[in-house]
Each structure stands twice: as structure tokens, then as C-alpha cells.
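Trainee: Could you take a close look at one part of this model with me? I'd like to go through it slowly.

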Amino acid sequence: MANACEFPCEPGYRLHHGERVADIAASVCETEGVAIPDPVILYFGALMHDIGKCGCPKGVSHAAHGVKIVETHFADLLSPGEMADICEIILLHCERPKGKWAAKWTHTPTFKPVVLAVQDADVLDHFGPSGIWVSFHWAAVKNSSPEETARFWFESEQSAEWRAESLQSLNFESSRAAFVKHIDMMNAFYRTWAK
Ligand SMILES: [Fe+2]
Ligand SMILES: [Fe+2]
């Protein structure tokens with residue numbers, strides 16, 4: 001794959017995000033009693049869900065671009081059925097049925113439960129410990145002080161709106177409970193750190 005990753009995070013961030021999303025998605029399925037027809041497909045789809053962010057052309061969704069990358073580079077490794085199921089996860093990972101995204105649907109879509117689990121896992125991985133890490137990493141990338149960063153991520157209206165939208169987008173009750181825990185943890189960290 002020749003495309004360099006222009007995302008302003010450390011090299012490997014997306015790999016680790018993908019690994020965490022795969023683990024969280026499997027645990028959402030377990031908690032919610034969602035049957036996983038093939039754990040390898042769930043893992044691979046979740047692991048690769050953001051691969052399209054690398055070199056994504058303007059105006060193209062990174063989900064659609066990711067499907068293209070996987071179809072191009074993994075065709076020899078997967079059966080047509082596996083490819084279709086994995087690409088479905090990648091393509092739909094940000095097509096959320098709930099929250100502010102609900103307005104785009106004339107009928108609420110009925111995605112496979114594993115797709116919904118990956119959607120939730122993707123949201124959950126942006127909060128909690130990895131959310132704290134990303135916020136301070138961005139401080140370094142954007143050359144802002146830790147205080148400015150903390151104010152933006154933990155106190156700004158924009159951040160509050162992002163948290164509210166993210167919570168509303170979740171598909172499963174246990175994901176909402178986990179999200180609230182992640183936010184409590186981030187706030188507790190910030191309160192301690194700000195002293
Ligand atoms: Fe994404
Ligand atoms: Fe993601």
C-alpha cells in the first residue's frame with residue numbers, strides 16, 4: 001500500500017485503534033448476547049474499519065475508500081463471502097442509525113448486529129483512557145499548552161456537543177453505560193490533573 005497516512009497522530013495509531021475497536025466490538029457482542037457468525041470476520045472488519053483514512057481522496061468517504069483498499073489488496077486472501085461481510089462492516093461503520101445521523105434515513109436501517117457493535121466500539125474508543133491520550137497527543141501536534149488542550153477537550157461547548165452526539169449515536173444499552181463510565185473517568189482525570 002503506497003498511500004502515506006496523513007492523519008496527525010503517531011504512526012500506528014490507526015492500527016492500535018483498529019485493534020481496540022475489534023476487542024471492544026467482541027465484548028459488546030458478548031455483553032449484548034449478539035451472535036458472532038464468524039469471529040475472524042468481525043475482527044478483520046473492525047481492525048480495518050478506518051484503513052481508508054490513509055490517502056482518502058477529498059469528497060470520498062473513508063469507509064468507501066477503505067472498501068476499495070481491502071478489495072484491491074486482500075482479494076487473494078479472502079473468499080467472496082468473507083470479502084463481502086468484511087467490506088459491509090467497513091462500509092457501514094459510520095452509517096449510524098441513531099443520533100444526529102438518524103435524520104438522513106427515511107426508514108431506520110436494519111444493519112447486522114455485528115455492524116452495530118463495531119459502530120459502538122468505534123465511538124467508545126474515542127473516550128476513556130484513549131480519549132485522554134489523544135487529547136494530549138493533539139496538544140503536542142497542534143503545539144497548544146496542556147491547559148488549552150484540557151480546556152478544549154474537557155470544558156468547551158464543542159467537546160460537550162461531541163460527547164452528547166456520541167452518546168446518542170450508540171446502539172446498545174451496555175455501550176451507553178460504558179460511555180458514561182468513560183466520560184466520568186476522563187472528568188475525574190481532568191479534575192485531578194487541573195489541581
Ligand atoms: Fe471511521
Ligand atoms: Fe474509527
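How near do the axes of helix 4 and helix 5 come, and at what angle do they cross?

Mentor: Happy to. First, some housekeeping: this is a predicted model, where local features need pLDDT of at least 70, side-chain atom pairs count only at pLDDT 80 or more, and totals for chains, interfaces and linings use all residues. Residues are numbered from 1 along each chain as its sequence is written, while chains are lettered from A and ligands numbered from 1 in the order in which they are written.

Now to your pair. The axes of helix 4 (residues 80-92) and helix 5 (residues 113-124) come within 9 Å and cross at roughly 45°. Helices here are DSSP runs of H or I with at least four residues, numbered from the N terminus. An axis is a line fitted to C-alpha atoms over the stretch in contact, and the angle runs from 0 to 180 degrees between N-to-C directions. That angle makes helix 4 oblique to helix 5; under 35 degrees would be roughly parallel, over 145 roughly antiparallel, 65 to 115 roughly perpendicular, and the rest is oblique. The crossing is also right-handed, as the near helix is turned clockwise from the far one by less than a right angle. Who touches whom? On helix 4 it's Glu88, Ile89 and Leu92, and on helix 5 it's Val114, Val115 and Val118. Contact means that C-beta atoms, placed from the backbone, lie within 7 Å.

Gly81 counts as exposed because it has 10 C-beta neighbours inside 10 Å; 12 or fewer is exposed, 20 or more is buried, and in between is partly exposed. Its C-alpha is 37 Å from that of Lys181, 100 residues apart along the chain.

Helix 5 has another partner. The axes of helix 1 (residues 13-32) and helix 5 come within 8 Å and cross at roughly 125°. So helix 1 is oblique to helix 5, and this crossing is right-handed. Helix 1 brings Val21, Ile24, Ala25, Val28 and Cys29 to the contact, and the helix 5 side includes Val114 and Val118.

Technical notes
Helix = DSSP H or I, 4+ residues; strand = E, 2+ residues; numbered from the N terminus. Contact = placed C-beta atoms within 7 Å.
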